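Grab a pencil and open the viewer.

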Amino acid sequence: MYNEIRVFVENKSGKLAKVAGALGNAGIDIINIELADEGQFGVFKLLTADPQKAKQALENAGMTVAFNKVAVIEIADQPGSLVKLAKALENEGMSVQDAYGCILDRGKRAIFVVKGDNLEAIESAAKGAGLKVLDSLE
């Protein structure tokens, strides 16, 4: 399992710049970022190679931050590669609550980030399908 960082912000101009600035000033590279709009507020979901350092930098900038456990599964960056993972999860009858992906190395490596009821079972299904579960994004 991996620590995704969640940053809770009011939906106002400048919040993305504040998050990006805090991480950039701390020398932290953002691997993936998403914003979920929740009306008056929003939640940034971030992946970095050093979640603890990123959390500290964001807290030092006065932001409300929490860790969220997710499964990070490496897949090949090629058409159809996500099907292998999707079929493995389907065969085990698993429900995915939230998911997103990004490319780590174009044409070679991508990751699919999954949040579900049972992360251990999701990781086990991925391993059973011959996929690599990551506990580090170095």
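Predicted model: local features only at pLDDT ≥ 70, side-chain atom pairs only at ≥ 80, totals over all residues.

Residues are numbered from 1 along each chain as its sequence is written, and side-chain values use heavy atoms, with hydrogens and water left out.

**Exercise 1. Find where E4 sits, and say whether E4 is buried or exposed.**

Step 1: locate E4. The residue belongs to strand β1, residues 2-10. (Strands are DSSP runs of E with at least two residues, helices are runs of H or I with at least four, and both are numbered from the N terminus.)

Step 2: check the accessibility. E4 has a relative accessible area of 1%, so E4 is buried. (Buried means under 20% relative accessible area, exposed over 50%, and partly exposed in between, using a 1.4 Å probe and protein chains only.)

Step 3: list the neighbours. Leaving aside residues up to four places away in sequence, E4 touches K45, L46, L47, A66, F67, N68, V70 and Y100. (Contact means heavy atoms within 4.5 Å.)

**Exercise 2. Work out which parts of the chain the D98 and K45 pair ties together.**

Step 1: Side chains of opposite charge can pair when their charged atoms come close.

Step 2: look at the distance. D98 and K45 form a salt bridge, with the closest N and O atoms 2.6 Å apart. (A salt bridge is a side-chain nitrogen of Lys or Arg within 4 Å of a carboxyl oxygen of Asp or Glu.)

Step 3: D98 is in strand β5 (residues 96-105) and K45 in strand β3 (residues 41-48), so the pair ties together parts 53 residues apart in sequence.

Step 4: D98 is partly exposed at 23%, while K45 is buried at 6%.

Step 5: zoom out. A network of salt bridges links E4, R6, E34, K45 and D98, and a search of the whole structure turns up 8 salt bridges.

**Exercise 3. Pick out the buried residues of helix α3 and say what covers them.**

Step 1: in α3 (residues 81-91), the buried ones are S81, L85, A88 and L89.

Step 2: look down the axis. These residues fall within an arc of 95°, so they line one face of α3. (The arc is that of the directions from the helix axis to the C-beta atoms.)

Step 3: what covers them includes β4, β5, β6 and α4 (119-128).

Step 4: on the other side of α3, E90 and N91 are exposed.

Step 5: just after α3, G93 takes a positive phi of about 70°.

**Exercise 4. Describe how α1 and α2 pack.**

Step 1: α1 (residues 15-25) and α2 (residues 51-60) pack at about 125°, with their axes 9 Å apart. (Axes are lines fitted to C-alpha atoms, for helices over the stretch in contact, and angles run from 0 to 180 degrees between N-to-C directions.)

Step 2: name the contacts. V19, A22 and L23 in α1 meet A54, A57 and L58 in α2.
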